[in-house]
Amino acid sequence: NLSMSEHRFLHVESPARIGLETGRLCILAEGREPWFGCVEDIAALSLSDPAISISTQALRVLAENGAMVLVNDASHLPVALAYPMQASTLAAGRIRRQAEWRVAHPNHAGVLWAEIVCAKLRMQGETLRRCGLNGYLRLFRLADRVEPNDPSNLEAQGARHYWKHLFGSDFRRNKRDATDHLNHKLNYGYAVLRALVARHLALAGLEPALGIRHASGVNRFNLADDLMEPFRPLVDAIVCERLLEEAPLGRDEKRALIGLIEHSVIMSDGREYRLHAAMDTMIASLVRAMEANRALVLPTRCRNGGQ
């Protein structure tokens, strides 16, 4: 089975051989016609069957064209992520300035984290309102109170309020080893989102391990985890609107979650972008912020793809 959005998040979930043929990515599966696609159009390739094989040449060309490759476990959640290391000629200089900025400007980092938390709370409020649920006004009020570094931990206060209203008072957010259908679907959608943010960071020549708030020494994607926060409610909305039934994470569910990259987002600059362009805009604003103490451009509202 193979699913793909128009932005080319390619998901392969049955035995197949993947390689290159006449410059195109070729997927061969028993009993099916060969599938061919332009490598330049692929943003990410997700592999979910242990019997999938992929050539080193295909991996190399995917990386050279800025594509991510995800390897998933038996629960269809990523356990490995390959991203392009030299996707930008600006990488060395930008990574050096990025590291210097984080040490030299901790106060500005706190301001940027407050902007991220504020945007996340507003997006959570918009998700509740979009789903026809109560509680969104409190999230908007919390967003107006966020201070640098979020010392009152309004992010956590908002999360408790948000999950209760979105999925009910019995719901508990489980980030790891989830067995219930809601958490499993959320985790899959967040993994897709994280891969996309990491890819855009690599293409911009930034080091994804050097976070604004997240600072784990064993997390290769601290910055991606920072920047994906305001986009998480896009996943939540898909689950709330389309995937609430007690069904496992199957092909249709994964297709719906991958479809989040077809959504349009209203950003804080007042303009509407498709998700890929929104991430480019956000990361470009981060580069400007590190160089000139500017504000981030972050999502404020979502529109479904094509709406």
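**Exercise 1. Which elements of the protein have the lowest and the highest mean pLDDT?**

Solution. The structure is a predicted model, and confidence is therefore examined before any local detail.
- Step 1. For the protein, the mean pLDDT is 88, and 94% of the residues reach 70 or more.
- Step 2. Among the elements, the lowest mean, 46, belongs to strand β1 (residues 2-3), and the highest, 98, to helix α4 (residues 136-144).
- Step 3. Over residues 2-6 pLDDT stays under 50; for this stretch the model has 17 contacts beyond four places in sequence.

**Exercise 2. Determine whether Asn187 is buried or exposed, and identify its contacts.**

Solution.
- Step 1. Locate the residue: Asn187 lies in helix α6 (residues 181-203).
- Step 2. Its relative accessible area is 9%. The cut-off for a buried residue is under 20%, so Asn187 is buried.
- Step 3. With neighbours within four places in sequence set aside, Asn187 contacts Leu77, Arg173, Asn174, Lys175 and Ala178.
- Step 4. With one of these, Arg173, a polar contact joins the two side chains at 2.6 Å.

**Exercise 3. Describe the largest pocket and its lining.**

Solution.
- Step 1. The largest pocket holds about 1,300 Å³ of space.
- Step 2. Its lining comprises 38 residues, of which Arg173, Lys175, Asn187, Tyr190 and Arg232 are the closest to the centre.
- Step 3. At least two lining residues come from each of β9 (78-82), α3 (106-130), α5 (154-167), α6 and α8 (232-242).
- Step 4. Classified by type, the lining contains 17 nonpolar, six polar and 15 charged residues.

Technical notes
Residues numbered from 1 in each chain as written. Predicted model: local features only at pLDDT ≥ 70, side-chain atom pairs only at ≥ 80, totals over all residues. Heavy atoms only, no water. pLDDT = per-residue confidence, 0-100. Helix = DSSP H or I, 4+ residues; strand = E, 2+ residues; numbered from the N terminus. Contact = heavy atoms within 4.5 Å. Buried < 20%, exposed > 50% of the residue type's maximum accessible area, 1.4 Å probe, protein only. Polar contact = N/O pair within 3.5 Å; in protein donor to acceptor, adjacent residues only side chain to side chain. 1 Å grid on protein atoms, 1.4 Å probe; cavity = no way out; pocket = protein on both sides within 12 Å on 5 of 7 lines; lining within 4 Å. Points joined across faces, edges and corners; volume = space filled by probe spheres on them. Nonpolar A, V, L, I, M, F, W, Y, C, P; charged D, E, K, R; others polar.
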